[in-house]
Amino acid sequence: MDTMGQMSIGVTALVLAMTAPCYAAAGGQAPSAQIQCVSPADLTARPGEKVPVKGNRAFDRPEPDRPLRTAQPVAAGLRGAIRRVDLPRGKKLIALTLDLCEQTGEVAGYDGAIFDYLRAERIKATLFTGGKWMRSHEARTRQLMVEPLFELANHGWSHRNLRLLQGAELSREILGPQRSYEAIRAGLVINQCLAPKDAERIPPRIGLFRFPFGACNPAALDAVNDAGLLAIQWDLSTGDPSPSTSAKEIAEAMVRNVKPGSIIIAHANGRGHNTAAALPLAVPRLKALGYEFVTVSELLAAGRPVVAQTCYDSRPGDTDRYDRLFTLRAPRPPPPGTP
Ligand SMILES: [Zn+2]
C-alpha cells in the first residue's frame, strides 16, 4: 500500500553490503545453514538506511521483458481480493505483512530495526516487495529471500495505480517483480551464496500479489489472477503510513482489532513510521493472547480464504481517491461504481 511521500537511502551503505566478503570464505561461522554470503553484522540495521531518498532515479529503468515460466491462472474460488482467512475453531493464526513500496524517481528505505526484531523473536512475516525496490536493495533482498522466516511477495514494479493501467504497462507492473526475483535468486548460486541444492528450497516464483495503494478494479484483478497470483489485501490496517500515528496507537490497533485469521498490513520501507517501535509493544501481547504468526501462504493453507470482489483499505471505495493522485494514463477512467 503506502501513500505518496518522501524518500532516501545511503547508496554507499548499499554498495558496501553488496561487496561484503563471503562470510564462509572469511573463516567465520555462517549465521544459518542457508546463508553463506553475509555475516550477522551485515544483517543488522544501518543508520540512515531507513530514510527514503526522493529524486534518486538510478533504478528507474524497467526490468527487461524476459520470458517467464507460465503459471496457471488462479482457480475460480480464489479469484478476487483475499482479505482474511476463516480458520477452524481454536486456531489462532495471524499473518503480519510488510510492504516495501518504491515508486519511480525515488529509492525507498529499508527499516532494518523491524527485521532485526522479527529475527530476534523468530516472528514470521510476508514481505510485499516492489520489483524496483528489489533492484535498489539487492543485498537486502538476498538476505530476506534466504531467511526461512520471511516469505517474499509481489507489490508491483514501481508502485503504480493498476486501476489506471492496461496492456503492456499493466503486464509490466505485474510481472516485473517476478523477473527481478528470478534474477536475484539465480545470482545467489552464481555468487556462491548458496549451494544449488539449498537454492532449490527458495520458491522459483512468487505466488502472492498486493495492489499498490490497495487499489484495484475488475480488469486489474483479472490480470493478477490470470498471471497465477493470489491478490492479498488485509483486514487489519495499522495506519503506519501516517507519521502522527504513534507506536502505542499502532500496537493498540493491532491488539484491539486482531482476530484469528487476520492479515495485518504495515510498512518496512521507511514509511511505516512507528512500526519498528510498535512491534515490541504488540507482539508479546498478541502471543500472550495465544496468537501465532505465520506467513500468508501458511495462513491460506490453514483455513478458508475470505474473498471480496473489490479492493479497499477499511471500507469499500476508500482507495478510489488514489486515482486523482496520478495523471490519467488509461484511455478512460474506471466505470462508475468501480472501487
Ligand atoms: Zn505499497
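A crossing of two helices is left-handed if the near helix is turned anticlockwise from the far one by less than a right angle, and right-handed if clockwise. By this convention, helix 9 passes helix 10 in a right-handed crossing. The structure is a predicted model, in which local features need pLDDT of at least 70, side-chain atom pairs count only at pLDDT 80 or more, and totals for chains, interfaces and linings use all residues. Residues are numbered from 1 along each chain as its sequence is written. Helices (H or I, at least four residues) and strands (E, at least two) are DSSP runs, numbered from the N terminus.

Two packed helices are described by the angle between their axes and the distance between the axes. The axes of helix 9 and helix 10 cross at roughly 35 degrees and come within 8 Å; axes are lines fitted to C-alpha atoms, for helices over the stretch in contact, and angles run from 0 to 180 degrees between N-to-C directions. Contact requires that the C-beta atoms of two residues, placed from the backbone, lie within 7 Å. On the side of helix 9, the residues that meet helix 10 include Ala 247, Ile 250, Ala 251 and Met 254, and their counterparts in helix 10 include Ala 278, Leu 281 and Arg 285.

Helix 9 spans residues 247-257, and its buried residues are Ile 250, Ala 251 and Met 254. A residue is buried if 20 or more other C-beta atoms lie within 10 Å of its own, exposed if 12 or fewer, and partly exposed in between, with C-beta atoms placed from the backbone. Seen down the axis of helix 9, the buried residues fall within an arc of 95 degrees, so they line one face of the helix; the arc is that of the directions from the helix axis to the C-beta atoms. Their cover includes strand 9 (236-237), strand 10 (263-267) and helix 10 (275-288). Glu 252 also belongs to helix 9, but is partly exposed, with 15 other C-beta atoms within 10 Å.

Five of its five residues are buried, so strand 5 is largely enclosed by the rest of the structure. Ala 125, Leu 127 and Thr 129 point one way, and Thr 126 and Phe 128 the other way. Strands pair if DSSP finds at least two bridges between them. Strand 5 pairs in the parallel sense with strand 3 (residues 93-100) over four bridges, where Thr 97 stands opposite Thr 126. Strand 5 also pairs in the parallel sense with strand 6 (residues 150-154), over five bridges, and Phe 128 has Ala 153 as its bridge partner there.
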